[in-house]
Amino acid sequence: AGGCGGVISRTATAPLDRLKILSQTNTEKGKSGTRANIAVLREAVRTQGVRSLFAGNLACCLRVFPFGGCVCIFYGKILSCLPADAELDVLEPVWRSVAGAGAGAIATVLTYPLDLVRAKLAVHDAAKNGPNPGVAGTIRAMVAKEGASALFKGIRPSLVAVAPFVAIQQASY
């Protein structure tokens with residue numbers, strides 16, 4: 001259920017995520033704000049079509065689904081190994097934070113290559129780099145160029161961001 005909810009919400013907000021990435025990677029100086037963002041979005045649609053608003057969404061959904069499932073499974077497993085109980089006590093948020101951080105870290109490691117591929121596909125410029133290579137093509141190219149370790153490039157900052165996020169999310173849930 002968590003995986004399905006993640007896929008639905010991710011797909012519904014994919015154009016907003018695409019706008020964010022296009023705005024972050026826009027190299028034109030002096031352009032910012034709402035009008036500039038709308039212009040960037042219009043240019044993407046004009047040059048690459050409406051489908052460009054969903055660039056990288058499949059890869060993101062392929063990551064979101066197992067990520068959500070892994071967090072749910074590992075959170076429950078880790079929590080069951082801790083002295084947490086069903087009743088709220090002073091330390092209950094601490095145990096839930098520990099379980100959430102662990103579950104988030106495990107889920108991140110297991111799904112990180114798909115997150116990295118999603119980011120690469122989201123910023124792929126077909127005009128400059130040719131047709132979108134897709135998930136499998138991007139993975140093959142990364143491994144061929146840099147080896148299998150390329151699939152985990154940048155994982156440390158991701159873990160630093162995700163573990164506390166899921167810890168706080170689960171502790172406050």
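This is a predicted model: local features need pLDDT of at least 70, side-chain atom pairs count only at pLDDT 80 or more; totals for chains, interfaces and linings use all residues.
Let's start with helix α7, residues 134–146. How far apart should the ends of its 13 residues be? At 1.5 Å a residue, the helix should span 18 Å, and its end C-alpha atoms are 18 Å apart, which agrees.

Now, which residues of α7 are buried? They are V135, G137, T138 and M142. These residues cover an arc of only 170° around the axis, so they lie on the same side of α7. If you wonder about the pattern, an α-helix has 3.6 residues a turn, so residues three or four places apart point the same way. Turn to the face away from that buried side, and you will find the exposed residues R140 and A144. Just after α7, have a look at G147, which takes a positive phi of about 90°.

What covers the buried residues of α7? The cover includes α4, residues 57–80, and α5, residues 92–122.

Let's follow α4 next. This helix has 24 residues and reaches 34 Å from its first C-alpha to its last, close to the expected 34 Å. Its buried residues include R63, V64, F67 and G68.

That brings us to α5, where T111 sits. Is T111 buried or exposed? With a relative accessible area of 3%, T111 is buried, because buried means under 20%. Its side chain reaches the backbone oxygen of A107 at 2.7 Å. Leaving aside neighbours within four places in sequence, T111 is in contact with R63, P66 and F67.

Note on methods: Residues are numbered from 1 along each chain as its sequence is written. Side-chain values use heavy atoms; hydrogens and water are left out. Helices (H or I, at least four residues) and strands (E, at least two) are DSSP runs, numbered from the N terminus. The expected span of a helix is 1.5 Å times one less than its number of residues. Buried means under 20% relative accessible area, exposed over 50%, partly exposed in between (1.4 Å probe, protein chains only). The arc is that of the directions from the helix axis to the C-beta atoms. Contact means heavy atoms within 4.5 Å. A polar contact is a pair of N or O atoms within 3.5 Å; within protein, one must be able to donate a hydrogen and the other to accept it, and residues adjacent in sequence count only if both atoms are side-chain atoms.
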